[in-house]
Each structure stands twice: as C-alpha cells, then as structure tokens.
Amino acid sequence: MGVILKGLTWDHPRGYAPLLGGVPEYEKQHPELKIHWDRRTLREFGEAPIQQYLDRYDLLIVDHPFVGFAAAHGALVDLAPSLEEGEKLHFAAESVGPSWASYWYGGGLWAFPIDAATQVASYRPDLLLALSSAVPDTFDGVLKLGKKARKTGKYIVVPACPTDAISLFFTLSANLGYPIREESEVFVDNSVAAEVLDRLHALIALAHPRSVEWNPIQVYDFLISTSDAVYCPYGFGYSNYSRVGNVVRLKFTNAPAAGPRGCAGTMLGGTGIAISKLSAHPAEAIAYAKWLVSPEHQRGIYFREGGQPASLSAWTDSSVNVAADGFFADTLQTLQTAYLRPRFDGFVRFFEAAGIEINRCLQREIKDAALIRWLNERYGAGRVAAHRIA
C-alpha cells in the first residue's frame with residue numbers, strides 16, 4: 001500500500017482550489033503517493049490552536065503568527081535542516097515581501113511561504129470614475145472620497161470585523177512610522193494610539209454601516225454584487241476578484257498613505273505550508289511542500305487554479321498579470337514593504353482578544369482611553385508570559 005498524505009487548508013477557493021488542482025500532477029509524478037486535502041473555516045484558520053490537528057494531518061496551511069507557538073512547543077517540523085544553503089538563498093530572493101522571513105522564528109523555519117497577501121486598496125472602476133478622476137493615494141484623499149460618495153448615496157467600505165479591526169490598527173501604526181514591535185513591553189504609545197483611533201473613527205463614520213461586521217471576502221462580495229459602494233482603502237488582497245472572466249471585476253492598487261511612508265507598513269498576511277511534528281511521513285511531506293512552493297508551480301498550476309502565489313517571479317510574470325488584470329504588479333510595492341507583526345508564543349490569543357476590543361471601540365461601545373489602557377496591559381502581560389515560558 002502506498003503512502004497517504006493528508007493536508008488541512010482554509011475554506012476559500014484561494015485556499016483549497018490550487019492545492020486540489022495540483023494533486024493529479026504530483027500523484028502522476030509520484031504514483032506511490034495519494035494526497036487528500038481537508039478544509040477548515042477562515043476563523044478556525046486564523047485562531048484555532050494548531051495542536052488539535054497535529055495527529056490527524058501531515059501538512060498544515062498556517063498563518064505566520066503561529067510560528068511562536070511552534071518554536072516554543074515543538075509542534076511543527078523545523079524545515080531549515082531540509083534546505084541547503086543555496087536553497088535558502090533562493091527562497092529569500094524568490095519570496096515576495098517579508099513572506100520568507102515571517103516563518104523563521106527562534107532559530108527555526110516552521111513553514112514554506114505558499115500564499116502572499118497584505119492590505120491593499122480596491123475599487124469598482126465603473127463607479128469610482130463617476131466620482132473622482134483619480135484613485136486616492138492618501139488617507140485624507142480617502143476621507144474626501146468617502147464624503148463625496150455619501151452625497152451621492154454611495155459609500156466607501158472597509159473590512160473592520162474584529163480580526164480586520166486589529167489589522168487596521170497595526171497597519172496605520174506602521175504606516176505612520178510607529179510599528180508595533182515584538183520586543184516592546186508596551187503595545188503602543190498613547191499619542192500614537194490616539195492618532196490611529198482618530199483616523200479609524202473618521203474612516204468608520206464614512207464607511208458603509210456594516211463595515212464593522214465584515215471581513216475582506218464579505219466586502220469584496222458586496223462590492224461586486226451591488227452598486228452601493230465604490231472603494232475600499234485597506235483589505236487583504238484577493239486576486240480572485242480581479243481575474244479576467246469575472247462578470248464584475250474589482251481593480252486593486254497600492255494602499256493609501258496615512259503618513260510620510262507612502263504605502264509602506266500594511267500588515268502582512270498570506271499563508272505557509274507546514275509539516276506536523278507527528279507526521280509519519282515527514283520526508284514525503286517536505287518533498288511535496290517544496291514542489292508546491294516552487295516558482296514553476298506557483299506561476300503555473302497554482303495560479304491558474306485560483307491561488308495567490310508567494311513567489312516573486314509569479315507576481316512579476318506578465319501572463320499572470322494579464323490574467324489577473326494587473327492585480328500583482330499594481331499591488332507589489334505595498335506587499336514588498338509590508339509590516340511583519342509580532343509572533344511570540346501567546347500572540348495569537350492577544351490578537352484575537354484585541355480585535356474584539358478594537359471593534360467594540362469602533363462601534364463606540366468602549367472609550368478610546370480605556371481601550372489603549374487595556375491593549376498595553378494585555379500586551380505587556382503576554383510578553384511577560386512568553387519570556388517566562390522561554
């Protein structure tokens with residue numbers, strides 16, 4: 001009987017379709033293998049503890065904030081020993097933005113980058129051009145567009161559900177020149193936090209009322225299914241919505257500048273492919289993972305099946321950009337200058353809890369000063385706990 005590799009990914013076409021689409025080709029090259037992929041929800045992907053899956057799956061699609069837990073608890077295979085120095089240099093040059101660096105932690109490499117994303121702007125060209133001759137490239141320009149849209153009965157829209165609310169906080173802090181750093185005992189300076197929240201309140205006041213409920217997928221579905229909203233300033237990019245062949249397409253572009261750094265500082269997203277420490281077939285799983293993240297596969301089957309590659313050569317490939325209406329070329333600058341959030345053991349729990357509190361603040365359920373105090377106290381406690389475990 002041959003080897004069976006089981007993988008777990010996230011339940012969106014961008015997450016599962018390129019993996020399923022590549023299985024026949026890999027099994028053809030390796031007839032001794034059978035590969036099965038299961039899915040979990042987007043929320044489970046971002047927040048569920050990975051240890052509950054380790055004894056059931058060989059391969060896990062993970063988000064880089066989980067690497068602190070992996071390093072502290074030995075949950076995943078350290079992939080660094082499986083790479084020669086030349087391969088490491090190739091990965092470092094070939095991965096887009098900080099994707100490669102994001103999976104290194106505590107001296108180990110806990111996943112290969114397979115999918116890359118950050119918060120970028122998007123819009124409906126047919127609707128936006130009726131209001132403005134240019135796409136906003138500054139935060140103040142976004143607010144002006146929002147006011148103009150409201151006068152015509154339309155909206156700007158921004159994903160600001162709890163997970164995206166804290167992502168917006170990270171993005172604006174970094175874009176203003178004050179990135180939140182892992183090594184800091186204080187989450188954010190009071191004056192910086194006040195400015196970030198002032199901007200977020202101004203944005204939410206003009207945005208579609210359901211923005212505080214929605215994630216990027218819900219925002220993009222709303223943009224393409226109605227004519228009520230024209231523009232989104234910050235949302236994790238999904239090339240699926242810009243692909244040629246869609247009846248209604250979104251256009252994606254670099255994020256607007258809140259500070260003097262242009263589009264730099266939007267929070268890095270994307271995914272990596274990791275190997276469970278409990279896998280009975282680590283060598284076969286690593287070989288398959290390397291194939292999935294190879295430049296040839298990334299700009300070939302992986303992209304064609306709906307994937308959003310982590311390969312720089314895919315992002316700059318002319319045929320890939322033609323098929324995605326320029327999505328990759330038009331947002332590359334933002335991704336190349338993206339901000340890498342903290343990843344210490346325990347950070348995921350803080351991220352989840354902080355997102356809920358920031359979302360409550362955007363809905364005026366708690367005051368700014370109380371939120372800032374909570375963020376700094378909770379972050380400091382998490383850092384102390386992480387040091388104590390280390």
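1. Y379 counts as buried, because its relative accessibility is 0%; buried means under 20% relative accessible area, exposed over 50%, and partly exposed in between, with a 1.4 Å probe and protein chains only. This is a predicted model, in which local features need pLDDT of at least 70, side-chain atom pairs count only at pLDDT 80 or more, and totals for chains, interfaces and linings use all residues. Residues are numbered from 1 along each chain as its sequence is written, and side-chain values use heavy atoms, with hydrogens and water left out.

2. The structure holds 31 aromatic pairs. Rings of Phe, Tyr and Trp (its six-membered ring) pair if their centres lie within 6.5 Å; planes under 30 degrees apart count as stacked, over 60 as edge-to-face and the rest as tilted. The rings of F344 and F347 have centres 5.7 Å apart and planes at 75°, so this pair is edge-to-face. Both F344 and F347 are buried.

3. F344 also pairs with Y379, again edge-to-face, at 5.6 Å centre to centre and with 70° between the planes. This pair links distant parts of the chain: F344 lies in the loop between α15 (327-336) and α16 (347-362), while Y379 lies in helix α17 (residues 368-389), 35 residues apart. The relative accessible area of F344 is 2%, so F344 is buried. One aromatic cluster takes in F169, F170, F187, Y339, F344, F347, F350, F351, W374 and Y379.

4. Two backbone angles deserve a check. Most residues other than glycine have a negative phi. D325, not a glycine, has a positive phi of about 55°; D325 sits in the loop between α14 (318-323) and α15. With a relative accessible area of 25%, D325 is partly exposed.

5. The other angle belongs to R364, which is not a glycine either and has a positive phi of about 65°. R364 is in the loop between α16 and α17, and is exposed, with a relative accessible area of 60%.

6. L33 is in strand β2 (residues 33-40) and is buried, at a relative accessible area of 3%. Its C-alpha atom is separated by 5.0 Å from that of V3, 30 residues apart along the chain. Leaving aside residues up to four places away in sequence, L33 touches V3, L5, Y26, E27 and E284, where contact means heavy atoms within 4.5 Å.

7. For the protein chain as a whole, the secondary structure comes to 17 helices and eleven strands. These are DSSP runs (helices H or I, at least four residues; strands E, at least two), numbered from the N terminus. Among contacts between residues at least 6 apart in sequence, 77% join residues at least 24 apart.

8. A compact globule of 390 residues would have a radius of gyration near 21 Å, and the protein chain agrees, with 21 Å; the radius is taken over C-alpha atoms, and the globule rule is 2.2 Å times the number of residues to the power 0.38. The C-alpha trace spans about 65 × 50 × 35 Å along its principal axes.

9. Of the 390 residues, 60% count as buried. The protein chain exposes about 15400 Å², of which carbon and sulfur atoms supply 53%. Accessible areas come from the Shrake-Rupley method with a 1.4 Å probe; for residues, only the protein chains shown count as cover.
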